[in-house]
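Here is a short briefing for a first look at this structure.

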Amino acid sequence: MKTIYFLILMSSTAGVADTTFSQAYQKILDLSLRTETQRYNVEIAKAQHLKPLGQFTPVINVVGKKIQGGDPRYEQKPVNLEASMNLFRFGADALEYKSTNLNTQSQQEKLQSEKLGSEEDALSALFNVIRLATNLEVYQGISANRSELVRIADERYHKGLLALQEVEKVRVDLENAKAREADTFNGLKDAEASLSTLLGASWSSKSWPWTDLIKSKAATIDQDFKLENTPEYRASKAYEASSQAYARAQLRRLLPSLDLTFTYGSQDLTSSLP
């Protein structure tokens, strides 16, 4: 075991454009399409899990008719009641119920995985914008410094104090600095567009949140990474077991089954003869 310090993002609600880092982070998680889509998959799996329960309940049909022949004085009103229930199907129903239960577990584990993925997307997008915005400020300062050096070099050249080759070298440094600044500017615009897609709006606060927006807290984390503890692994194992149970259930449905059926019928004959 090893004690380390990690950063906990404090979430709250606020506007988007002027929101803090932690609020923007939480907003992205709330709007995450990948998480919301997986939530629907979980609900679908839960609904499918209820379907096999119907195999354990009887099926009841009630049919009533009114039959009138060519002679309007005669009329029949038969009523039929039929109830049927499966008694034995070689465990196919139980296996199908088990399969849907395991599939629900798999979808729930996938939801946890999608939440982790959404958190990674949010942090990556936010930190990328902050990084590029900070780099742009640095490169803008370097470009301004190189411009001043070019001005000084030109003055020294005209006074005969500096060779032309040295002036050209300073100009090349200025062009390189402007090129880095332009590349960083374009990268920042792309990063801001990607962040706006996740956030639903632009984000104006581009400062590192270490001092005001994030609190440090001690935590103990096991250094031994275990693959079986990850939601992706648990989801795949549950899905594998679900598929195996479903395959066995379908195979057993090919075998003969034993059903109990009860039928009751009555017929009312009405005559209007004098």
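The largest pocket holds about 220 Å³ of space. The model is predicted. The second largest pocket holds about 150 Å³.

**Largest pocket**
- Its lining includes Gln48, Lys51, Pro52 and Glu96.
- Ser99, Thr100 and Asn103 also line the largest pocket, as do Tyr239, Ser242, Ser243 and Tyr246.
- Helices α3 (92–158) and α5 (231–252) each give at least two residues to this lining.
- By class, the lining of the largest pocket has 6 polar, 3 nonpolar and 2 charged residues.

**Second largest pocket**
- Ile28, Leu31, Ser32, Leu33 and Arg34 are among the residues that line the second largest pocket.
- Ser118, Asp121, Ala122, Thr197 and Leu198 line the second largest pocket too.
- Two or more lining residues come from each of α2 (33–50), α3 and α4.
- α3 gives the most to this lining, with 3 residues.
- The lining of the second largest pocket divides into 5 nonpolar, 3 polar and 2 charged residues.

**Contact of α1 with α4**
- The axes of α1 (residues 21–30) and α4 (residues 164–199) come within 8 Å.
- These axes cross at roughly 60 degrees, so α1 and α4 are oblique to each other.
- Ala24, Lys27 and Ile28 of α1 meet Leu195, Leu198 and Leu199 of α4.
- This contact has 5 nonpolar residues, 1 charged residue and no polar ones.
- Ile28 and Leu198 take part in the contact of α1 with α4, and both also line the second largest pocket.

Terms used:
Residues numbered from 1 in each chain as written. Predicted model: local features only at pLDDT ≥ 70, side-chain atom pairs only at ≥ 80, totals over all residues. Heavy atoms only, no water. Axes fitted to C-alpha atoms, helices over the stretch in contact; angles between N-to-C directions. Helix = DSSP H or I, 4+ residues; strand = E, 2+ residues; numbered from the N terminus. Parallel < 35°, antiparallel > 145°, perpendicular 65-115°, else oblique. Contact = heavy atoms within 4.5 Å. Nonpolar A, V, L, I, M, F, W, Y, C, P; charged D, E, K, R; others polar. 1 Å grid on protein atoms, 1.4 Å probe; cavity = no way out; pocket = protein on both sides within 12 Å on 5 of 7 lines; lining within 4 Å. Points joined across faces, edges and corners; volume = space filled by probe spheres on them.
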